[in-house]
Amino acid sequence: KKCWEHLRICPQEYTCCTSEMEDKLSQQSKLEFENLVEETSHFVRTTFVSRHKKFDEFFRELLENAERSLNDMFVRTYGTLYMQNSEVFQDLFTELKRYYTGGNVNLEEMLNDFWARLLERMFQLINPQYHFTEDYLECVSKYTDQLKPFGDVPRKLKVQVTRAFIAARTFVQGLTVGREVANRVSKVSPTPGCIRALMKMLYCPYCRGLPTVKPCNNYCLNVMKGCLANQADLDTEWNLFIGKKRGSIKQTVKMLE
């Protein structure tokens, strides 16, 4: 052992380290800490990614099956008559998918437009002997609520679709937010004070010739709390977020039943 009085972090007494070794061990402390945080948060990040992927695949499959089933049923029932006007229904599902993926779509207005377009098409098909102007057809569609040509179906469908799609979009967006937060939190940039504390805890014993000495639990916790102070501030909000996500899972499942 030699005495190196110019060590900046470890005690100024007999030591096995040079100042160059101390600098390298300090950087090693920083690297190990960053890797530890990265590894610890890996499960949370991959969980959000996998849950997002599974739900997205599940919901898109529901939409595709619904569109295919409706198309097959209408082709069997109405044949060419439906096929000549199928774009009305195709546009409906296109807009529903656009809303789900975060598009700027007003569900209520979009559904109202769908029923108005459908009424215009049906009005023309039922009265093929007449030619109607665009203004006339627009006038007819304006009285959809009073005429109720589709009975109570539009109102019921609006309630069901709105609830299901709002719940699904909110849920999948929440998973995306959770993933992004977890990704950002996992990228820790230790402060100089944190690096100094890590070095003292992890490698200063090496410099004193005591490589087998391990820090006690409370000492380790205090250092980690100091290094993760910013992340710790998120604890309350994160727990609230997770609690709300659990509630939204139940709500989403209920809406999709």
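**View A. Gln160 in helix H7.** Gln160 is found in helix H7. This close-up, like those that follow, is taken from a predicted model. With a relative accessibility of 53%, Gln160 counts as exposed, because the cut-off for that class is over 50% relative accessible area. Asn230 lies 70 residues from Gln160 in sequence, and the C-alpha atoms of the two are 42 Å apart in space.

**View B. The second largest pocket and its lining.** The second largest pocket holds about 520 Å³ of space. It is lined by 17 residues, of which Val37, Thr40, Ser41, Val185 and Gln231 are the closest to the centre. Among the contributors, H1 gives the most, with six residues. Sorted by class, the lining of the second largest pocket consists of twelve nonpolar, four polar and one charged residues.

View C. Val188 is found in the loop between H7 and helix H8 (192-202). The relative accessible area of Val188 is 9%, so the residue is buried; the class takes values under 20%. Met83 is 105 residues away from Val188 in sequence, with a C-alpha to C-alpha separation of 57 Å.

**View D. The salt bridge between Arg8 and Asp23.** The structure as a whole contains 13 salt bridges. One of them is formed by the side chains of Arg8 and Asp23, with an N to O distance of 2.4 Å. Arg8 is in the loop between strand S1 (2-3) and strand S2 (14-15), whereas Asp23 is in helix H1, so the pair ties together parts that are 15 residues apart in sequence. Asp23 has a relative accessible area of 34% and is therefore partly exposed. Side chains of opposite charge can pair when their charged atoms come close.

**View E. The salt bridge between Lys53 and Glu57 within helix H1.** The side chains of Lys53 and Glu57 meet in a salt bridge, 2.7 Å from N to O. Both residues belong to helix H1 and are four residues apart, which is about one turn of the helix. Lys53 has a relative accessibility of 49% and counts as partly exposed. Glu57, at 42% relative accessibility, also counts as partly exposed.

View F. A salt bridge joins Arg117 to Asp91, with 3.0 Å between the closest N and O atoms. This pair links distant parts of the chain, as Arg117 is in helix H4 (residues 107-126) and Asp91 in helix H3 (residues 87-100), 26 residues apart. Arg117 is partly exposed, at a relative accessible area of 30%, and Asp91 is partly exposed as well, at 33%.

**View G. Glu95 in helix H3.** Glu95 is placed in helix H3. With 23% relative accessibility, Glu95 counts as partly exposed, since buried means under 20%. Asn106 is eleven residues from Glu95 along the chain, and their C-alpha atoms are separated by 9.4 Å.

**View H. The nonpolar surface patch at Tyr78, Leu81 and Leu125.** Tyr78, Leu81 and Leu125 make a nonpolar surface patch of about 290 Å². Of these residues, Tyr78 is found in helix H1, which covers residues 19-78. Tyr78 has a relative accessibility of 49% and so counts as partly exposed, because the exposed class is reached over 50%.

**View I. Asp72 in helix H1.** Asp72 is found in helix H1. The relative accessible area of Asp72 is 37%, which makes the residue partly exposed. Asn112 is 40 residues from Asp72 along the chain, and the C-alpha atoms of the two are separated by 24 Å.

Note on methods
Residues numbered from 1 in each chain as written. Predicted model: local features only at pLDDT ≥ 70, side-chain atom pairs only at ≥ 80, totals over all residues. Heavy atoms only, no water. Patch = residues over 30% accessible without salt bridge, like charges linked within 9 Å, V, L, I, M, F, W, Y side chains within 5 Å. Areas by Shrake-Rupley, 256 points an atom, 1.4 Å probe, with all protein chains shown as cover. Salt bridge = Lys/Arg side-chain N within 4 Å of Asp/Glu carboxyl O. Helix = DSSP H or I, 4+ residues; strand = E, 2+ residues; numbered from the N terminus. Buried < 20%, exposed > 50% of the residue type's maximum accessible area, 1.4 Å probe, protein only. 1 Å grid on protein atoms, 1.4 Å probe; cavity = no way out; pocket = protein on both sides within 12 Å on 5 of 7 lines; lining within 4 Å. Points joined across faces, edges and corners; volume = space filled by probe spheres on them. Nonpolar A, V, L, I, M, F, W, Y, C, P; charged D, E, K, R; others polar.
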